[in-house]
Amino acid sequence: MGQPTHARNSQEWWRSAVIYQVYVRSFADGDGDGTGDLAGVRSRLPYLAELGVHALWFTPWYLSPLKDGGYDVADYRAIDPAFGTLAEAEKLISEARELGIRTIVDIVPNHVSDQHPWFQAALAAGPGSPERELFHFRPGRGENGELPPNDWPSQFVGSTEPVWTRLPDGDWYLHLFTPEQPDLNWAHPAVRQEHEDILRFWFERGVAGVRIDSAALLAKDPDLPDFVEGRDPNPLVDRDELHDIYRSWRTVADDYDGVFVGEVWLPDAERFARYLRPDELHTAFNFSFLSCPWDAGRLRASIDTTLAEHAPVGAPATWVLCNHDVTRTVTRYGRTETGFDFADKAFGTPTDLALGTRRARAAALLSLALPGAVYLYQGEELGLPEADISVDRIQDPMYFRSGGADPGRDGCRVPLPWVAGAPFAGFGSREEPWLPQPAGWADYAADLQAADPKSMLALYRAAIRLRPAFGDAPLTWLPAPQGVLAFIRADGVTCVVNLADTPADLPPHTQLLLSSGPLDDQGRLPQDTAAWLRA
Ligand code: GLC
């Protein structure tokens, strides 16, 4: 206990690390222009060190027109000027490392920005040109090519827009997300070569890991056949060719002791685990846990399935409660539907934030006690709720591409509150933040919470400090009443979470290490509360 796991085995730090996701644009604004930047992150490194996280994952910080929050990259070897410079990124990586914090960058291999030189060259070169072979350009169907080449669904759930755009020269090009994000052709050797060079570029700069965006989408059936539900193999998701790509990436990472975390949304546990075979990706995000409703049986099943699917390939699990794409945890848990599903997002969903916060506190102790790595999304440690962004301020393409039905993802991307009494809650200085901070945002400020032992921040700090140092050794479930989760870890620490509507007796223990809320006057664990005990 107490000893950070990565210190015990720094080689395999990623097997049990706590990794903090930084959405740069909304983290801290160092130059006062209303947009978060690298200067802001550098100024807050002591905060991150005090929180105790082992690594930072930066959402894309490269040159980008920001049509999809930076997931539309125009140049992988340049930092967007809104965020800073390459020299500053290098400084940030080394300053963080001095504090014991590693850096993970985000690579978006499925597509590039339409402003990327490759796509600009392809546009200029015209139909049938070798430049167009780096993407998926096709003539249309129908008598005059007026119909898109196939019927593939958008990868923005809820989108009512096509994934093909026609150019004035008659060709159509494929984009599984927005038209500003043309899909690359991964059957082309230059695409593979370029990405392996990009990996080396960042590993050379001292990054410890790479998050792979949309990792199961890169390979496409070269015939681009129509999408038929249940068609096997699927023409655009989870194709077998991907494994060869990642085996090759792995040899690059191994040269630098680098690690991968894949964004792999797949319902099939066995297919998911294939990406984690020993010569492929080290880890992948566990979206089944993130999507799971606040229900003891469902959570236990999700934990068991996760551990069982990882065991045969020897990869550690990851535990994720939220990120920059999904509804913030305290809001999700404060609703009737406590699971997450992109298809269910709607404006005006009633939310009980006090309830959601209580559950999120318990969920924090649950996830931090599980075997594997934990991902925290900036602001989760402050218990920030999802913000309602007025429609005239929404920037996320998900909202626009759903015809205004989906509120989009801006509500979880609101600039952080740092200092309660400062302008813009201490996020920046001169200009108003790029997304509005809702009324009451300053109440969540980090400085207030740092001074309050009952705050969400204090809970996260204490839990990360205490987080049992047993790496990814297995857990053992303990007998517990209906609605209560109880398990013991290898070093004798027990985690109990009560999701039942009556208080639960604590199992025998010598010490109460931490609880997400007070016990009742009979020493029992109230509903929606978790505790860590020494057995
Ligand atoms: C991933 C990112 C998301 C982005 C999409 C397209 O899902 O997490 O933010 O919109 O890929 O790059």
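This is a predicted model: local features need pLDDT of at least 70, side-chain atom pairs count only at pLDDT 80 or more; totals for chains, interfaces and linings use all residues.
Numbering starts from 1 along each chain as its sequence is written, and side-chain values use heavy atoms, without hydrogens or water.

Helix α6 itself covers residues 189-204. Helices here are DSSP runs of H or I with at least four residues, strands are E runs of at least two, and both are numbered from the N terminus. From first C-alpha to last, the 16 residues of α6 reach 23 Å, close to the 22 Å expected. That expected span is 1.5 Å times one less than the number of residues. Buried residues (under 20% relative accessible area, 1.4 Å probe, protein chains only) of α6 include Val191, Ile198, Leu199, Phe201, Trp202 and Phe203. Glu194, His195 and Glu196 are buried too.

Now the domains. The assignment, automatic or from a database, gives domain 1 (6-108 + 268-464), domain 2 (117-174) and domain 3 (473-534). The C-alpha centres of domains 2 and 3 lie 55 Å apart.

Two further helices pack together. Helix α12 (residues 353-369) meets helix α15 (residues 456-466) at about 10°, with axes 10 Å apart. The axes are lines fitted to C-alpha atoms over the stretch in contact, and angles run from 0 to 180 degrees between N-to-C directions. The pair is therefore roughly parallel (under 35 degrees). In contact (heavy atoms within 4.5 Å) are residues including Ala360, Ala364 and Leu368 of α12 and Leu459, Tyr460 and Ala463 of α15.

Note on methods: Buried means under 20% relative accessible area, exposed over 50%, partly exposed in between (1.4 Å probe, protein chains only). Angles under 35 degrees count as roughly parallel, over 145 as roughly antiparallel, 65 to 115 as roughly perpendicular and the rest as oblique.
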